[in-house]
Amino acid sequence: MSGIAGVINGNGAPIASGLLDAMVAATGHIGIDGVKRLERDTAGLIRFELATTPEAVGQFQIAEDTDSGLAIVFDGRLDNRADLLTTLGSGKLGSKATDCAIVLAAFQKMGDEFLNHLVGDYALAIWNPARRRLICARSPVGWRPLLWTLQHSRFAFATEPATLVRGLELERQLNEGAIGEHLSARFVTETDTFWDGVFRLPPGHALSFEKGAVRTWQWHIGPFEDNMAMSDADHVSRFQELFDQALVATLRSAGPVAAHLSGGLDSSTVVCRSHQLVAIGKTPEMVSALSVRFPGEICDEGEWIAAVEAQCGIESEAIHGAPFDPGAMAQWCRQTLHLPLRPNTAGTIMATSDRLRDRGIRVLLTGEGGDDWLNGSFGHWPDLLMAGHLAKLVREGLSSFPQMSVMQSLRSTLSQSIGPLVSKRRRERILRPHLDFSAALPSWINPDWAAHAGLAERWQAPPQPPRFDSIAMAKRHHVYSVARRHVNIDNVLCYAASRGVELRHPFHDLRLTHFLMGAAGGMLRRHGKTKHLLREAMRGTLPEVIRSRTTKANISAPIIDGVTASLCERPIKELECVKRGWVNASVLEKAQAEHVEWRNADDANNIPSAPYAPVWNAIAMDMWLENAACQ
């Protein structure tokens, strides 16, 4: 991940002297290849460089059209360069044009509709001096963050919070509503940050600043092709074609590429299929596989990793994550103003990024997205019922509950089919399965503070997706903008970028996700198994022991160990969110004790029923409040 930032004076005044320098100085943790600035009277643009594609190396990455004065800052990667160059026709662009130059040319030709023609992972901003108009946008699967603020007539945007908060010397007022969502583990806001007055542009959205006013809109709304009638064989063939295309696109790099290998279905698919693409000449070089190992722990995936190594004739490089260091994470919060990295992530992403930096590798492929897009659900059953496909519905229902009698299976099938059509709560459970609304208020949240922060109102009025005729499509569309994603991911992307590493996710390729939006639900989950389509598409690619695998590693141990280490330095009763009366210490203490007891028993089963995320969320918020919010 590179980074972008900028500031526009809506009143027409010149940019204050030294303002861009202050924004750059506040963001010293990214921009490993340098920082570029462009100042034009009322507007200033900044790009923090991380060159990972052949076209980006050695190029000035703020593209400017000398005739119109249009200028663009672009953080990301285009995956359909050839198609765009063909559409744009002959002219100033050549095959070696930078991605940002191609995007600017598309904007000049198509106006705001250019976004519908881009495929890739990006955040961008284009300044039009003739209209004194700025447009910002994010790709539909938003892995490139973009924050913004409007202070009087001055608009500013940035990839990183420190660029705005510290660089502009903003008053650090807390947004307790967003903080409450995080502490409750019910994050629904797509636009708020933990700072009052600093906002987030959601994935698949655009923003314009013109005449002193901000306007936002969702541009990625479909329509999406309905593939429910497609045959099983055509589903498999189309998936294989699109996944290969995604792999080739994410492998475009100025240097060698690595891939994370966990031993799960998704990361193993990336490594094994990459190996086959090399063999058939579609890609020039095999990825370097890196495996995070936890010898002796229930989360170690050694046997599965070994199966991939044998299949591909490779030896992955073992990475051993360091123990969670609360002091280092506190320093991270002070430097970046991000939340600390979760303990199960911190040691591994830090060790992996540092190893890749030492080896001169700047691109790391992941299996992220496989669970999101391919697990499937029963969300398409109401659609089958409404369409009158009763026989198909019954067949799927009977095969989905093999442990039940026929009558029990039929009752469960009817419940899953009719319930979402007649019950708003049941429908919400399908559309937002990542949120738990089983109780009015989580037991660890102080009711008085919840009322003060307006949590009930926030949960009752979540962002509404585009309207779809299909419940399955409405459910799947939520994957594009899971609200909590930025809380868990932005700091990871930032840490990797600070070490010169860019994370790429083939399963989130836009063309592939568009196909999966309309895929038949029975091709995703069949006979009670998730990822049926992936398993069928990877016959002969994955080791059979992994292709048929139905288990996943339990990653709780590193989290419990990291939380325990943090609590040795500051007990739950002394956490800032406890002292402020936001959370109930006794509930968190009970959950901590239960999970520590389970951890010490070294038992993969009998996992405590009490949710554990709230304990870490309270510790993370404590670190952030002390080291980022209150500086």
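Biologist: Which residues does Ser-566 touch, leaving out residues up to four places away in sequence?

Modeller: Ser-566 touches Phe-324, Pro-326, Ile-619 and Met-623. Contact means heavy atoms within 4.5 Å. Ser-566 sits in helix H24 (residues 556-569); helices (H or I, at least four residues) and strands (E, at least two) are DSSP runs, numbered from the N terminus. This is a predicted model, in which local features need pLDDT of at least 70 and side-chain atom pairs count only at pLDDT 80 or more, while totals for chains, interfaces and linings use all residues. Residues are numbered from 1 along each chain as its sequence is written, and side-chain values use heavy atoms, with hydrogens and water left out.

Biologist: Why does Ser-566 count as buried?

Modeller: Buried means under 20% relative accessible area, exposed over 50%, and partly exposed in between (1.4 Å probe, protein chains only). Ser-566 has 6% relative accessibility, so it counts as buried.

Biologist: What makes Glu-181 and Arg-458 a salt bridge?

Modeller: A salt bridge is a side-chain nitrogen of Lys or Arg within 4 Å of a carboxyl oxygen of Asp or Glu. Between the side chains of Glu-181 and Arg-458 the N to O distance is 2.6 Å, so the pair meets the rule. Glu-181 lies in helix H5 (residues 176-184) and Arg-458 in helix H17 (residues 455-460), so the bridge ties together parts that are 277 residues apart in sequence. Both Glu-181 and Arg-458 are buried.

Biologist: What can be said of Arg-499 and Asp-354?

Modeller: Their side chains also meet in a salt bridge, at 3.0 Å from N to O. Arg-499 is in the loop between helix H19 (485-498) and strand S17 (502-504), and Asp-354 is in helix H10 (residues 343-359), so this pair ties together parts 145 residues apart in sequence. Arg-499 has a relative accessible area of 23% and is therefore partly exposed. Asp-354, at 22%, counts as partly exposed.

Biologist: How far apart are the closest N and O atoms of Glu-576 and Lys-579?

Modeller: They are 4.0 Å apart, and the pair forms a salt bridge. Glu-576 and Lys-579 both lie in helix H25 (residues 576-579), 3 residues apart, about one turn of the helix. Glu-576 is partly exposed at 24% relative accessibility, whereas Lys-579 is exposed with a relative accessible area of 57%.

Biologist: How many salt bridges does the rule give?

Modeller: The count comes to 44. Asp-75, Asp-121, Arg-144, Glu-502 and Arg-504 are linked in a network of such bridges.

Biologist: How many disulfides does the structure hold?

Modeller: The structure holds 0. A disulfide is a pair of cysteine sulfur atoms within 2.5 Å. For Cys-136 the closest cysteine sulfur, in Cys-100, is 15 Å away, so it is too far for a bond. Cys-272 is in no disulfide either, and the nearest cysteine sulfur, that of Cys-312, is 3.8 Å away. Cys-136 is buried, at 1% relative accessibility, and Cys-272 is buried at 1% too.

Biologist: What makes a group of residues a nonpolar core?

Modeller: A nonpolar core is a set of buried Ala, Val, Leu, Ile, Met, Phe, Trp, Tyr and Cys residues joined through side-chain atoms within 4.5 Å. The largest core here has 140 residues, and Leu-183 and Trp-624 are among those that touch the most other members. Helix H27 (residues 613-629) gives the largest share of this core, 11 residues. Apart from it lies another core of 28 residues, including Cys-100 and Tyr-122.

Biologist: Why is helix H20 called mostly covered?

Modeller: In H20 (residues 510-517), 7 of its 8 residues are buried. Leu-510 and Phe-515 are among them. What covers the buried residues of H20 includes helix H6 (232-250) and helix H18 (471-477).

Biologist: How do you know that strands S2 and S3 pair?

Modeller: Two strands pair if DSSP finds at least two bridges between them. Strand S2 (residues 35-40) and strand S3 (residues 43-48) have 6 bridges, in the antiparallel sense, so they pair by that rule. Leu-38 has Leu-45 in S3 as its bridge partner.
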